[in-house]
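Q: Please take a close look at one part of this model. Pick a single residue and walk me through its surroundings.

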Amino acid sequence: MNIILLGPPGAGKGTQARFLVEERGMTQLSTGDMLREAKDSGTEMGKVVAGVMARGELVTDEIVIGLIREKLEGEKGGGFIFDGFPRTLAQADALGELLNDCGEALDSVIEMQVDDEALVARITARSTCGNCGEVYNDNTKPVPADGKCTSCGELAEFKRRADDNEDSLKIRLMAYYKQTSPLIGYYHAKGNLNSVNGLGDMAEIKTAMSDILDK
Ligand code: AP5
Ligand code: MG
C-alpha cells in the first residue's frame, strides 16, 4: 500500500508517519528529512537548499523529484508513506509516473486538516531527537526530564529546526495554500482523497487514519 500524507506545516504528517512505520512496517519517505540530511552532511545540493528551507520557500521540483526517484529505485518494502511530497502539481504528476514505472499504485491520499492558529502553536514548540528523529512538543509531548528519548532510549540532543519560527512559518503556510493545496482537488478528481481532522489527540487521529486505510 502506498499513501500520501498531505497537510500544512505542523499538521502532524511526520508524527503519524512514524506510527504507520511502527505498526505496518511501511517506509516513510519525507522529502523534508532528506533535504535536512543533505544540508547537515554539507553536500553541494545541501548547501543550495539550506537558505531556501530556512526562509520557508519550496525547493525546486527537479531536486525533490530526483530524491524520490532515487528512493523508489533503491527501496522495496511494505509500502511507501510519502510525507511532504508531492507539494506541487508537477511533483504529483511525476509521482504518478514514477509509481507507474515501478509497477506500483497510489492507494490513498490522507489530507490532515488543522487550522493556522494550532499550526503556529505546534511548530514553535516542536523539537526532535537528534538520534532517532522522534518528534516532541513542549506543550503536548515534552522532552523527558532525564534527557533520554522515549523512542530510542538514548541520551540525546533535542533539536529545533531553523525554519520553526513565526517568520518562516508565514512563508511556509503561504507556500502550502498557494502551491500545495491545489493537490486536494487533484486527488479528489482522481478518487484518492480522504480527509481527517488533525486537531484531535494523536491516538484518535491514528485510529481515524487506520479506519481509512483498512476500509
Ligand atoms: P517538511 O519537513 O516536510 O516540513 P512541513 O511540511 O513544513 O511539515 P512539518 O515537518 O513542519 O510538520 P509535520 O506535518 O510533519 O508535523 P509534525 O508531525 O512534526 O519540509 C520542510 C521544508 O523542506 C519545506 O518548507 C521546503 O523548503 C522543503 N521541502 C520539503 N519537501 C518539499 C517538496 N516536496 N517540495 C519542495 N520543497 C520541499 O508535528 C508538528 C508538531 O506538532 C510536533 O511538535 C508534534 O509533536 C505536534 N503534534 C503532532 N500531532 C499533534 C496532535 N494531534 N496534537 C497536538 N500536537 C501534535
Ligand atoms: Mg514533518
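A: Leave out residues up to four places away in sequence, and Asp163 touches Met53, Ala54, Ser168, Leu169 and Arg172. Contact here means heavy atoms within 4.5 Å. This is a predicted model: local features need pLDDT of at least 70, side-chain atom pairs count only at pLDDT 80 or more, and totals for chains, interfaces and linings use all residues. Residues are numbered from 1 along each chain as its sequence is written, chains are lettered from A and ligands numbered from 1 in the order in which they are written, and side-chain values use heavy atoms, with hydrogens and water left out.

Where does Asp163 lie? Its place is the loop between strand S7 (158–159) and helix H7 (166–180). Helices (H or I, at least four residues) and strands (E, at least two) are DSSP runs, numbered from the N terminus.

Asp163 counts as buried because its relative accessibility is 9%. Buried means under 20% relative accessible area, exposed over 50%, and partly exposed in between (1.4 Å probe, protein chains only).

The side chain of Asp163 also makes a polar contact of 3.1 Å with that of Arg161. Such a contact is a pair of N or O atoms within 3.5 Å; within protein, one must be able to donate a hydrogen and the other to accept it, and residues adjacent in sequence count only if both atoms are side-chain atoms.

Now take Gly51, in helix H3 (residues 44–55). Gly51 and Asp163 are 112 residues apart along the chain, yet their C-alpha atoms are separated by 9.7 Å. Gly51 is partly exposed, because its relative accessible area is 32%.
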